[in-house]
Amino acid sequence: MSQWPRIRLFLTCLLSMVASVTPFPSNRVWGSSSAVQRQLQSRSSILFSSSTPDDESLDSDDPSYLYYRPQSRPALNGGSFAYSEPNIRRSANTFLSIRSVGGVDCTNDVYARVPNRFEYWYIGKIARTDGTVKLEEAISRCWNMMEEHAVRLRPVELGREFGNLDIWIAGGDSELVMSQAVAGNVAAGAKSIEKMNLRKMEREVMGSDKVKLLEVGFMAEYVTNTGQGFYIVRDDQGKIMQ
């Protein structure tokens, strides 16, 4: 008998909680089971709709609505040079085709750099039909793919700088010579110091949108030396540091 007050208090609290969650309107009769059932279904749909991923009520036109669905992912930026596997393969094949005809003279090594830093990271090579396409136009045409690749190739050093990276170029197949070129250590008569310097490119170049896919190709670099990669050191002007 001593527990009866506790049980009565528990039942009273429980009934008050139920009444606060599912209040019944005064114009409905307690004995009407259909009215009570409809009221409970209405309440439960409100309470649990947010936890049901297949409910159509999750859709919203509000731009701040953050519910993510994979099928609503936007298309990649960059058009024909968006960073996708088909585009990367096509661009690499185009590079090989152009180089097989024009040789190394129609190619350039490509470096990416964070502004105000001295490390220039090697990210790949570019080839162009030099009789119809200027180097500046070719670089601008492939810029999106090159920058996307740079931040993936060096996520620690370059990953947070997407959209701000500089692109610099050197002569084709010059990695070894460029890495050995330091002030006072350039072999006389081999190559001038000027050719050891890098040349800065511009992101936007007039006429680059008219460059055809068969006129330019980018061969992306991939890291094989346990993730160390390859970079050279130059000053802000891309010149050998004195």
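**View 1. The second largest pocket holds about 180 Å³.** This is a predicted model, where local features need pLDDT of at least 70 and side-chain atom pairs count only at pLDDT 80 or more, while totals for chains, interfaces and linings use all residues. Residues are numbered from 1 along each chain as its sequence is written, and side-chain values use heavy atoms, with hydrogens and water left out. Of the 14 lining residues, Glu194, Lys195, Met196, Asn197 and Leu198 sit closest to the pocket's centre. Strand 3 (166–171) and helix 5 (175–180) are the elements that each give two or more residues to this lining. (Helices are DSSP runs of H or I with at least four residues, strands are E runs of at least two, and both are numbered from the N terminus.) By class, the lining splits into 5 nonpolar, 4 polar and 5 charged residues.

View 2. Look around its lining and you'll meet Phe81, Trp143 and Phe162, among others. The class tally is 3 nonpolar, 4 polar and 5 charged.

**View 3. Phe118, Tyr231, Val233 and Met241 make a nonpolar surface patch of about 340 Å².** One of these four, Val233, belongs to strand 6 (residues 231–233). Why is Val233 called partly exposed? Because its relative accessibility is 40%, and the partly exposed class lies between buried (under 20% relative accessible area) and exposed (over 50%), using a 1.4 Å probe and protein chains only.

Methods. Patch = residues over 30% accessible without salt bridge, like charges linked within 9 Å, V, L, I, M, F, W, Y side chains within 5 Å. Areas by Shrake-Rupley, 256 points an atom, 1.4 Å probe, with all protein chains shown as cover. Salt bridge = Lys/Arg side-chain N within 4 Å of Asp/Glu carboxyl O. 1 Å grid on protein atoms, 1.4 Å probe; cavity = no way out; pocket = protein on both sides within 12 Å on 5 of 7 lines; lining within 4 Å. Nonpolar A, V, L, I, M, F, W, Y, C, P; charged D, E, K, R; others polar. Points joined across faces, edges and corners; volume = space filled by probe spheres on them.
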